[in-house]
Amino acid sequence: MVPTDKAPFTLRRATGTLAEGAAKLAKDIGGTSVEAVLAQGNRTAIRRGAAAALGKMNPKPVEWYAFDIKDEDTPDWYPQGLTCGEDSGQSGVPVFVASWYFKPEPPVVERGIRATFLSPSTFKYQHALFVEATPDGNYKAINIHAGGIAWHGDLIYVADTSHGLRVFDTNHLLDLRTAQNDLGDPTLLGRHDGKFHAFGYRYLLPQVDSWQLVTKGAIFSFVSIDRSTTPHTLISGEYLETDPNGRVARWDLDMTGVPRDCYVMGQKKIQGALSSGGTWYLSQAADSHTNGKLLVWKNNTLTARPFPIGNEDLTLQGGRLWSVTEFRNMRIVYGVNL
C-alpha cells in the first residue's frame, strides 16, 4: 500500500433534480423501514448452501448463506456489492445489503440494479429496485455495474464505475403496497395509466444524490466503510484486470469530495477493499473456477488467506469480515474471522 496522488479521486456534488424526484415519489407512494422490509421477506436464504462457491477454501468461512434456488440459478442478475447494518450504525436489526446488476439477453428489457436486504437472524430476504426519479414523480432503471455498496447513517452509496458514487436514502425506501393493491405489470417500470410498476418488485429505492469525478480517469469498482477512523471514512477503488497499479482512496464522512488519502494497492483484480484499525483487507478475484484470495496488509507486511470463488465487495459485521460471491449457483454471503 504505497501513498499516491489523491487529486484524481476528487469528487463534486451533483444533486440536480435527484432529491426533488425522490421526494415526489416518496410522497406519492409512501415509505417503509428496513425492519419492515425484512419482516415481509418473501425469499429464504439457505444456511451453508451453494458450497461449490467455497472451492478448495480451507479453512471454510465461519458462516455463510446462499440465496434461494431461483436467485442462485438466474442468468440475469449478478451480486456485486455488500454492506451491513453495522456500517450504517443506525439499523435497528442485523442485516446485510447486497447490490446486483442486471445482465439481460435481448430482447429482455434492461432492469438496472437492485438491493437485497437479508436477515442473518431469520434467513429471510427481500429485493428492492434502485431507480432514478424525476420531479414529475416518474422513474427509470439505473443501468450501471453497481460493483460496490456502502451504508452509512441513512445513506447508501453505490459505485458507478467511471463516474463516481450514486447516493440513496433509506428514509425513501418505498412500498408499492401502500399506494395500490397490487404490484402492477411485471413487464413495466414507472407510472402507466395511473399505476406504479416496478417489474414486479414491491419495494423501490430512488436515488437522492450523486458525487461525480471532477476529472475522468479514476475507477469506482467497490465501496466500503471504515468506522475505526475519526470521522468515519468512505473507501472506494479500482479493479484492474492485469495491472497491479490499481488505486484505493478514502473520504471523510460527511462527504466534501476531497479524499483524505489514496494508495496504490500493488495487486491486480481487486474486487473489494476495506481498512479497519490501520489494517487493509483486499478481496482479490481469480476466475469462475479458481479460489480468490483475501490479502491482508498489516504492519507493512502482506499475507494471503484463502477466499471463495467469485469473491467481491467487503464489509465488517459482528467482528468478522464478510463478502459476497457472484457466479451462478455459487452465490453466497459469507464471513471469516479477522
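Predicted model: local features only at pLDDT ≥ 70, side-chain atom pairs only at ≥ 80, totals over all residues.
A pocket, as I use the word here, is an open set of grid points with protein on both sides within 12 Å along at least five of seven lines, and its lining residues have an atom within 4 Å of a point.

**Entry 1: second largest pocket**

I began with the second largest pocket and asked which residues line it. My list reads Q80, H145, G147, T161, I219, F220, S221, Y239, Q271, E312 and E326. By class, I get three nonpolar, six polar and two charged residues in that lining. For the space inside, I noted about 150 Å³.

**Entry 2: largest pocket**

I found 19 residues lining it, and R43, K70, R114, F199 and Y201 are the closest to its centre. Which elements give two or more residues to this lining? I have α3 (69–73) and β9 (124–133) down for that. I also sorted the lining of the largest pocket by class: six nonpolar, six polar and seven charged.

**Entry 3: A50**

Then I went to A50, which I placed in the loop between β4 (46–47) and β5 (63–66). Buried, exposed or partly exposed? I looked up the relative accessible area of A50 and got 23%. Buried would need under 20% and exposed over 50%, so I logged A50 as partly exposed.

What does A50 touch, leaving aside its neighbours within four places in sequence? I wrote down A66, E72, N329, M330, R331 and I332. I followed up on M330, one of those contacts. A50 and M330 sit 280 residues apart in sequence, yet I get 5.3 Å between their C-alpha atoms.

**Entry 4: a four-stranded sheet**

Last, I traced an open sheet of four strands, in the order β22-β23-β24-β25, with antiparallel pairing. Which strands are at the edges? I marked β22 (270–276) and β25 (301–309), since each is listed as pairing on one side only. From one strand to the next, I have the twist averaging 20°.

I zoomed in on one pair in this sheet. How many bridges join β24 and β25? I counted seven, with β24 covering residues 291–298 and the two strands running in the antiparallel sense. I also checked N291, and its bridge partner in β25 is I309.

Definitions and conventions. Residues numbered from 1 in each chain as written. Heavy atoms only, no water. Pairing = 2+ DSSP bridges. Axes fitted to C-alpha atoms, helices over the stretch in contact; angles between N-to-C directions. Buried < 20%, exposed > 50% of the residue type's maximum accessible area, 1.4 Å probe, protein only. Contact = heavy atoms within 4.5 Å. 1 Å grid on protein atoms, 1.4 Å probe; cavity = no way out; pocket = protein on both sides within 12 Å on 5 of 7 lines; lining within 4 Å. Nonpolar A, V, L, I, M, F, W, Y, C, P; charged D, E, K, R; others polar. Points joined across faces, edges and corners; volume = space filled by probe spheres on them.
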